[in-house]
Amino acid sequence: MAIERIFKDEASEEKGERARMASFVGAMAIADLVKTTLGPKGMDKILQSTGRGREVTVTNDGATILKSLHIDNAAAKVLVDISKVQDDEVGDGTTSVVVLAGELLREAEKLVAAKIHPMTIISGYRMAAECARHALLQKVVDNKEDAETFRSDLTKIAMTTLSSKILCQDKDHFAKLAVDAVMRLKGSTNLESIQIIKKPGGSLKDSFLDDGFILDKKIGIGQPKRIENANILVANTAMDTDKVKIYGARVRVDSMSKVAEIEGAEKEKMREKVQKIISHGINCFVNRQLIYNFPEELFADAGILAIEHADFDGIERLALVTGGEIASTFDNPETVKLGHCKLIEEIMIGEDKLIRFSGVQMGEACTIVLRGASHHVLDEAERSLHDALCVLSQTVNDSRVLFGGGWPEMIMAKEVDELARKTPGKKSHAIEAFSRALLAIPTIIADNAGLDSAELVAQLRAEHHKEGCNAGIDVISGSVGDMAELGISEAFKVKQAVLLSATEAAEMILRVDEIITCAPRQRENRM
Amino acid sequence: MALAFDEFGRPFLILKEQEQKSRLRGIDAQKANISAGKAVSRILRTSLGPKGMDKMLQSPDGDVTVTNDGATILEQMDVDNQIAKLMVELSRSQDYEIGDGTTGVVVMAGSLLEQAEKLLERGIHPIRVAEGYEVASRIAVEHLERISQKFEFGPENIEPLVQTCMTTLSSKIVNRCKRDLAEIAVKAVLAVADLERRDVHLDLIKVEGKVGGKLEDTELVYGIVVDKDMSHPQMPKRIEDAKIAILTCPFEPPKPKTKHKVDIDTVEKFQTIRLQEQKYFDDMVQKCKDAGATLVICQWGFDDEANHLLMNRNLPAVRWVGGVELELIAIATGGRIVPRFQELTPEKLGKAGLVREKSFGTTKDRMLYIEQCANSRAVTIFIRGGNKMMIEETKRSIHDALCVARNLIRNNSIVYGGGSAEISCSIAVEAAADRHPGVEQYAIRGFADALDAIPMALAENSGLQPIETLSAVKSQQIKENNPFCGIDCNDAGTNDMREQDVFETLIGKQQQILLATQVVKMILKIDDVICPSDF
């Protein structure tokens, strides 16, 4: 008896060429999918969710597109994963990394067809990637010392990032906004402290950065709407019923009058707590949890502004801007640090009332209010702005900057080509292929803009044979332009991450010669 | 199937519902088993050696794993056949025992089965084959001992260890920076090794991974890295000369294990219980403070009030730290794990030179580094890489390297790799075969042929002509009487493995041969397979 199968039912196995084919096809399909969103003239995609409501997202952010896809191909999953990591690590270049990995695999496929062993291709790719990184390192500009130029660098990077997004109409405005916000962080990369509030209505141009802090909450009834020189206590404590936390405690009484007594005691307890809070000498109290009517009334009587149910992020940010500490006990008023701000007032954006804390001490956090025509526009604007903020915050730490518009790819391609000429053996084919894959990126940018890519890339190549050339693709005028004059810059960290993770992913997929898919786990149908 | 009848002509029931069961007997059963075993080893064959390819595995939940570690491939393969399962077990036991060579052992078993099939076709009884294999494996193991070499290393001279780890890593995807990783692995093992007793407790090496960055950023931290952050956002992010209280009791009101109820029936009781509660939190924090702690690491959660009190008293704290990590922290800092606040005393505190929080990328992820510990016997290898699969594969590779380094510390004998040991054994077994009387002689010769399979697979994966290369190397070994000639996989120009610095551990190789022989013997002894039919 021959052995029919050693796997469980439904499990499948793909071997050798077939496996390689399956992963190449899968990876290229993914790369082709997001390819059209690359560059300033890239197009958007509409994604419809399968969940309830069939929600629609319009985006051209690679990571967002790929995250929402349901993919069965194993190689494609690797690409989705690198795009996600790119998003987490540097925030931008999520499309480029997938496109580059896809192009590397497309070139590898040709080489495999020409009977070059995948391991040879991998070692060629490795050499090429290392060489390309060196090429970039030599060309970086670091303006960290000069605050003025550094700021303009940041603005340029923000503008370049935003130019491929929905915000490109107002990119000057948003670039300034993003740079201002990031400069406030003072080198921290924690973007949590930049709050983005989306309010439909108005136009994108009406978006603004508030140097104070805006809390999307309402002020309690009968409490002052405007406080100057506020002392703020930020708290995380139960202000509804302060339960006894000792395990197993319960109230057991035998008459109604005792119930009333206990209730009175509870009220008394709350009153004491409120008294203690008031004795901190505050005039504003912000709590993470609910505040019930009774304490709220007490606060109102004392002329204190009480804000309830500010979520975790809200109070953490508030603590950051005002410099207060988040308190949960109130027995030692002298040691609790209070937050301060010049003015608390209620403001109207659109038709919602918000509370604004301005004139804050620390100012490490800030709020960006986005306005726009519809929720979809706002969502996409938020994603774009998030990309820009991520890139900027990373650039603040690693201030090396490169030009954009296909310039880094040309530089790398040139160096890699030289290396290919010097390398003996079959590897040189792989190295050459790497440089072709790099060239694909400016080609796609040009193609997406409806330009004659073959012509432009050839011109660029010629330009780059001169020393110290700053030529890149100027999509607006449709010709080769000087990137320094046009002010198109990109962060070195983003480019490096794109290069390294794309090569890593391509290598990983190339090494595979067999795909074993287990039977999908049977899920119970809960219909 | 044959039936037995009693004197009234009724059939005896030997197997219940016999018709519905598929049953294989005799030589058919053996053939079927052998072909199943071979099928498994065929899958792994292409993963062997520095030019071996990876496998991509998709789990039932759709997660993708890319690996060329034999044990991992087999474990995730979801195998249904019983014999195939035996092979999976085989690879796993090699993994537990040695940690490396999990692919080789399966390939070895596969080729032993292949040889057995030929012998069975000639009409040799399976038990005789098994016995022959047993004799041969003993010869091979003894021969390995003879050609093995001891080398000296010490805390200053780690080069030989690094070289051996590099051999292990060179077949993995991480071979781009095998030198760095090998050094990290060796340093980690030496940091926790007890050189006197020649023992290494691998549990003391924690391997953490986080996506992002590049493989070259992987680092060895002489201390502990915990994937947690401070319980209160405003606690200090950096503590120098920390005195750490390691607690396994929550900062929460007490919860006795016996069932109880506290009845409140008067206002006074309500008041007292309230005060008690407040005092309770106060006491807890005060006790930590009294003991002189400057950092609290707790296995459980904190109540909001307690959290603020800790913050207020300037006592940074970390909550929800896992049990294993807690133990490691205790070992590293020389502290004691304290289960009750009452038992907290200054001498039970752990000490660390520096505790700091580090954030990564654009997300909120933070990790806590505890460094410069009093007793740096616990270390962490912190892996970075481009994507999740890369990290996972690096973890597995590092694990292999750690195991190899540990084995070397236990027993510093090495044999040379690149198939040279197998070829040399094969020659020795072949020579011994002729001296052996009886039918086993054929089995022993079969064993020698089977040993050739590993160098053959190596050559094949490296794109060389397998038979040509193998015969050339073999004749060279005999001619020069040099057991260190192997397959030149990396195209380095020489096939003397001493010059290429390709080492493997002696016990790893011996285990491979012994384990593979054992499993093959077991498979050969099966002559009847009964399995319930599908229903």
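Which residue just after α9(B) takes a positive phi? That would be B:Asn314, at about 60°.

A word on conventions: this is a predicted model, where local features need pLDDT of at least 70 and side-chain atom pairs count only at pLDDT 80 or more, while totals for chains, interfaces and linings use all residues. Residues are numbered from 1 along each chain as its sequence is written, chains are lettered from A and ligands numbered from 1 in the order in which they are written, and side-chain values use heavy atoms, with hydrogens and water left out.

1. Chain A overall. Chain A has 16 helices and 20 strands; these are DSSP runs numbered from the N terminus (helices H or I, at least four residues; strands E, at least two). Its C-alpha atoms fill a box of roughly 95 × 75 × 40 Å along the principal axes. Of its 527 residues, 54% count as buried (under 20% relative accessible area with a 1.4 Å probe, protein chains only; exposed is over 50%, partly exposed in between). Take the chain A contacts (heavy atoms within 4.5 Å) with a separation of 6 or more: 75% of them come from residues 24 or more positions apart.

2. The interface in numbers. On the chain B side, 82 residues are in contact with 88 residues of chain A. The buried area is about 7,600 Å², with carbon and sulfur atoms giving 54% of that; the term means the accessible area (1.4 Å probe) that two parts lose on being put together, summed over both.

3. The rule finds three salt bridges between chain B and chain A, each a side-chain nitrogen of Lys or Arg within 4 Å of a carboxyl oxygen of Asp or Glu. In one of them, B:Asp54 meets A:Arg511, with the closest N and O atoms 3.1 Å apart. Among the elements giving two or more residues to the chain B side are α1 (26-45), β2 (54-58) and α11 (388-410), but the largest share, eight residues, comes from α8(B).

4. A strand pairing between chains. Strand β20 (residues 512-517) of chain A runs parallel to β2(B), joined by five bridges; strands pair if DSSP finds at least two bridges between them. B:Asp54 turns up again here, as the bridge partner of A:Val512.

5. Helix α9(B). Eight of its nine residues are buried, including B:His308, B:Leu309 and B:Met311. The cover comes partly from the other chain: β12 (326-327) of chain A is included, together with α8 and β13 (317-318) of chain B.

6. Backbone angles to look at. Most residues other than glycine have a negative phi. A:Lys115, not a glycine, has a positive phi of about 65°. A:Lys115 is found in the loop between α4 (94-113) and α5 (118-139) of chain A, and is exposed, with a relative accessible area of 72%. B:Gln372 is also not a glycine and has a positive phi of about 50°, but B:Gln372 lies in strand β16 (residues 366-373) of chain B. At 54% relative accessibility, B:Gln372 counts as exposed.

7. B:Asp496 is placed between α15 (466-480) and α16 (497-500) of chain B. B:Asp496 counts as buried because its relative accessibility is 12%. Leaving out residues up to four places away in sequence, B:Asp496 touches B:Asn482 and B:Phe484.
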